[in-house]
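Please keep the sequence and the model open while reading.

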Amino acid sequence: MADKKLFITEKPSVAQQFADALGVKGNRSSGYLEQGDIIITWCVGHLITMSYPDAYDAALKKWDLKTIPFIPETYKYEVIGAVSKQFDTVKKLLNREDVSTIYVCTDSGREGEYIYRLVDRMAKVPESKERRRVWIDSQTEEEIQRGIKEAKLLKEYDNLSDAAYLRAKEDYLMGINFSRALTLKYSYGIKNYLGVDKCVIAVGRVMTCVLGMIVRREREIRDFVPTPFYRVLADICKEDTKEKIFEAEWHAVKGSKYENSPLLYKENGFNKREDAEELIKYLSDPEPVKLKVKSVTKKTEKKAPPMLYNLAELQNDCSRFFKISPSDTLAAVQELYEKKLVTYPRTDARVLSTAVAKEINKNLQGLTGYNRDNLSAYAANVINQGGYKGIAKSKYVNDKLITDHYAIIPTGQGLGALGSLDSLKNSIYELIVRRFLSIFYPAAEYQKLSILLDRKGEEFTTSTKQLVKPGYLVIADKNFGKKKENSKDEAEKDENVKDDSSDSEIGFSMDVIEFISGLKKGMELSCGGFNIKEGKTSSPKRYSSGALILAMENAGQLIEDEELREQIKGSGIGTSATRDSIITKLVNNKYISLNKKTQILTPTFLGEIIYDVVLRSINGLLRADLTASWEKGLTGVADGSISEKEYMDKMTDYVIRNTNLVKGLQNQNQMNAVFDMVKPYYAKKKN
């Protein structure tokens with residue numbers, strides 16, 4: 001009997017890509033394709049799922065505090081009913097006697113590994129069959145053929161499989177036990193308080209932490225009280241006509257009579273107007289008022305092209321530029337991937353591998369056929385100038401910063417498919433192309449001109465910055481940047497508490513620049529007077545969907561403790577493959593609201609109550625450091641530095657302890673405390 005090779009992919013569309021690469025033709029209606037010694041079949045996403053508790057014991061179907069914590073000794077799994085027909089097809093193929101080698105071609109990552117391993121387990125595939133893992137970064141025929149040729153034995157990915165199983169068990173145990181415990185304790189009071197018939201308190205390792213981020217931000221905004229501050233500016237004038245030329249701002253630098261003064265708001269303003277007026281009074285005597293030039297400096301500043309896109313950065317930019325959700329972005333870029341246009345999207349890396357860098361000219365060559373807004377000419381210019389030859393030695397190539405996949409870049413192939421895609425997907429592709437081509441262009445150069453002036457030992461300064469060499473800016477985000485600047489919704493971008501006291505550079509006219517450039521140290525300039533500019537601090541901004549994705553990726557920035565921040569460095573809340581679905585789940589649960597027009601996220605009243613319930617019970621679920629440390633632990637299992645047993649023991653202990661803790665709480669007192677806390681916030685929200 002002939003030895004046959006079975007290729008199993010994650011989706012039918014991907015199976016077709018493999019069929020094209022392997023020259024296999026036929027009708028997919030039977031659930032697989034077969035030609036010669038090759039068989040190609042597919043999953044339809046997940047075919048297997050974890051069984052609910054009542055599969056272990058029918059009595060567990062009823063939620064009861066007496067039956068939790070629920071920790072199975074052996075976990076049960078079952079075929080998902082809606083896709084059972086395809087599972088039966090795959091099972092028969094996996095167990096066919098003439099199939100000797102199985103090529104696992106599900107998505108190259110933890111979730112893709114989990115999808116196949118569950119199928120293999122449920123189908124009871126004999127150990128005698130050889131299993132190999134196809135690990136690829138794009139759907140091009142060349143990459144598929146390389147992946148098949150270099151496919152490693154599946155057992156080399158056992159650690160990744162262990163991490164995948166543990167992630168699922170962790171989410172299962174926390175979801176089942178914590179959701180039941182909190183619902184049984186608190187839902188009755190919430191239902192009465194809100195006047196609803198049903199209330200299930202759904203919590204999870206990642207979901208609840210993200211809810212906490214959104215609620216805390218909302219409450220910071222509500223409780224924020226603006227702080228006024230007062231800056232002192234000097235009007236510099238022409239000597240003869242007294243015409244104002246420019247303004248210079250006072251700073252309490254070293255040597256100032258106000259150095260480290262408690263009267264200051266930062267070092268360039270006062271907390272009270274009368275103190276600013278006192279400074280002006282001091283500076284205005286004697287007349288005429290002159291400011292002496294302490295220095296005039298010119299320097300060139302360079303701005304390098306940004307790093308390449310990972311999924312989080314792309315989702316953030318698509319949220320800003322196109323006002324679409326992270327889920328919509330992932331769906332769009334996934335389609336681009338399946339049509340061979342871009343590389344694997346579910347990646348955290350923003351760099352290329354050394355191996356890819358050596359052949360990057362192929363990607364560039366393909367883009368010379370991309371006739372959109374002159375981008376083909378930019379690609380051709382890189383090739384003609386040889387701008388790609390030194391890329392391997394740049395910061396854009398670093399094997400140490402890549403775990404599973406390198407950054408999202410255009411393959412240079414499949415351009416014919418663009419005509420069948422809508423304008424949004426075309427724009428996302430263009431965004432990826434522009435970011436990719438940018439790294440082969442030089443840094444943008446700015447000429448910065450700064451002047452320091454002195455009056456009675458007090459320093460005034462101003463500066464301007466002019467773009468002199470656009471470099472990569474001729475191509476990077478060209479049209480999308482304009483959309484961003486004109487967006488009224490950009491005011492809601494995620495950032496810390498800020499004020500308008502920044503001494504950012506002012507754009508001067510050429511006449512003013514020439515005037516300042518001609519000044520010399522020791523020269524005196526006429527001052528037409530001093531004035532006070534009042535400002536005030538502004539509150540934090542709500543998260544947009546894209547900004548939240550970035551905040552989840554960079555969880556360490558949310559942690560004040562430096563040691564803890566270092567411990568989870570490189571670990572975020574969730575993964576690139578799951579963050580968008582977490583936001584979607586919170587929206588579907590009605591814990592948060594998503595403004596589809598602006599992509600701004602706000603908590604619902606129910607979401608705020610859930611937050612306070614968790615805060616007074618299993619508050620660790622709200623902590624970014626703990627949530628990220630769980631993710632770091634899974635990464636440790638995947639790379640072999642942490643054993644499966646070590647992780648499982650720690651996780652089950654956490655679930656048991658906290659489930660029992662909730663069971664022991666006096667819920668009536670807890671509910672009263674929660675409602676007392678939430679009522680004033682809700683009153684503010686209604687007003």
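Predicted model: local features only at pLDDT ≥ 70, side-chain atom pairs only at ≥ 80, totals over all residues.

Residues are numbered from 1 along each chain as its sequence is written, and side-chain values use heavy atoms, with hydrogens and water left out.

**Helix 6 with helix 16**

- Helix 6 (residues 207-223) packs against helix 16 (residues 545-553) at an angle of about 120 degrees, and their axes are 11 Å apart.
- Helices (H or I, at least four residues) and strands (E, at least two) are DSSP runs, numbered from the N terminus; axes are lines fitted to C-alpha atoms, for helices over the stretch in contact, and angles run from 0 to 180 degrees between N-to-C directions.
- The crossing of helix 6 and helix 16 is right-handed (the near helix is turned clockwise from the far one by less than a right angle; anticlockwise is left-handed).
- Val-210, Met-213 and Ile-214 of helix 6 meet Leu-548, Ala-551 and Met-552 of helix 16, where contact means heavy atoms within 4.5 Å.
- This contact of helix 6 with helix 16 has 6 nonpolar, no polar and no charged residues (Ala, Val, Leu, Ile, Met, Phe, Trp, Tyr, Cys and Pro count as nonpolar, Asp, Glu, Lys and Arg as charged, and the others, Gly among them, as polar).

**Helix 21 and its partners**

- Helix 20 (residues 624-639) and helix 21 (residues 644-663) pack at about 155 degrees with axes 11 Å apart, and are therefore roughly antiparallel.
- The crossing of helix 20 and helix 21 is left-handed.
- On the helix 20 side, Leu-626, Trp-630, Gly-633, Leu-634 and Val-637 meet Tyr-647, Lys-650, Met-651 and Tyr-654 in helix 21; by class, the contact has 7 nonpolar, 1 polar and 1 charged residues.
- The axes of helix 5 (residues 158-194) and helix 21 come within 9 Å and cross at roughly 5 degrees, so helix 5 and helix 21 are roughly parallel.
- Residues of helix 5 in this contact include Leu-166, Leu-173 and Phe-178, and those of helix 21 include Tyr-647, Met-651 and Val-655; the contact of helix 5 with helix 21 has 12 nonpolar, 4 polar and 6 charged residues.

**Cavity**

- The structure holds 1 cavity of 30 Å³ or more, and the largest cavity has about 40 Å³ of space.
- On a 1 Å grid over the protein atoms alone, a cavity is a set of points where a 1.4 Å probe fits but cannot get out, and lining residues have an atom within 4 Å of a point; grid points are joined across faces, edges and corners, and a volume is the space filled by probe spheres set on the points.
- Val-14, Cys-105, Thr-106, Asp-107, Ser-108, Val-134, Ile-136, Gln-139 and Tyr-337 line the largest cavity, dividing into 5 nonpolar, 3 polar and 1 charged.

**Backbone geometry**

- Most residues other than glycine have a negative phi, and most peptide bonds are trans.
- The bond from Ile-68 to Pro-69 is cis, with omega near 5 degrees; Pro-69 is in the loop between strand 4 (48-50) and strand 5 (77-79).
- The bond from Glu-287 to Pro-288 is also cis, with omega near -10 degrees; Pro-288 lies in the loop between helix 7 (273-283) and strand 11 (290-303).
- Lys-340 has a positive phi, near 70 degrees, and is in the loop between helix 9 (326-338) and helix 10 (354-358).

Technical notes
1 Å grid on protein atoms, 1.4 Å probe; cavity = no way out; pocket = protein on both sides within 12 Å on 5 of 7 lines; lining within 4 Å. Parallel < 35°, antiparallel > 145°, perpendicular 65-115°, else oblique.
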